Amino acid sequence: MRSAFLSIAFAGLFVAGTSAQAGSVVIEDVQVTPRTAGQYNFSVTLKHDDTGWDHYANAWDVTDLQGNLLGKRVLHHPHVNEQPFTRSQVIQVPAGIKTVEVRAYDSVHGLSEQTYQVVLPD
């Protein structure tokens, strides 16, 4: 009985995990380096099953925790043979903000459900 329950529970987690991410872009990592006067270099690593111009990861952005857009990195072409891939952008963050959220987009699904919170380094 216990074995059957664990198998069903595991199968449910597997289905939920794969269906939630199927076709959507995934943020694998975010590295943040302070620059000068409130500027930070964001290096964001994305993974997506780009198929070409019809379906590819096309942007990532940074918001404060209230959802206000601080900066956006547009990705101008598919990365079919480069997965995962990292792209960087310098973004100005207003004084007093200590934690931000990174979000990613693809050309079919738009905004991914996944977000990535980052505590900004001093």
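This is a predicted model: local features need pLDDT of at least 70, side-chain atom pairs count only at pLDDT 80 or more; totals for chains, interfaces and linings use all residues.

Me: Where does Ser-24 lie, and is Ser-24 buried or exposed?

Reply: A residue is called buried when its relative accessible area is under 20%. Ser-24, which sits in the loop between helix H1 (2–21) and strand S1 (26–34), has a relative accessibility of 17%, and therefore counts as buried.

Me: Which residues does Ser-24 touch, leaving out those up to four places away in sequence?

Reply: With those left out, Ser-24 touches Lys-47, His-48, Asp-106, His-109 and Ser-112.

Me: How many bridges join S1 to S2, and in which direction do the strands run?

Reply: Strands S1 and S2 run antiparallel and are joined by eight bridges, with Val-26 standing opposite Lys-47 of S2. Four residues lie between the strands of this hairpin, where Ala-37 takes a positive phi near 50°. S2 also runs antiparallel to strand S5 (residues 85–92), again through eight bridges, and there Tyr-40 has Ile-91 in S5 as its bridge partner.

Me: Why is strand S2 described as largely enclosed?

Reply: Strand S2 covers residues 39–47, and because seven of its nine residues are buried, the rest of the structure largely encloses it.

Me: How does Glu-113 count, as buried or exposed?

Reply: Exposed means over 50%, so Glu-113, at 75% relative accessibility, counts as exposed. Glu-113 belongs to strand S7 (residues 110–119), and although Glu-113 and Ser-24 are 89 residues apart along the chain, their C-alpha atoms are separated by 8.2 Å.

Notes
Residues are numbered from 1 along each chain as its sequence is written. Side-chain values use heavy atoms; hydrogens and water are left out. Helices (H or I, at least four residues) and strands (E, at least two) are DSSP runs, numbered from the N terminus. Buried means under 20% relative accessible area, exposed over 50%, partly exposed in between (1.4 Å probe, protein chains only). Contact means heavy atoms within 4.5 Å. Two strands pair if DSSP finds at least two bridges between them.
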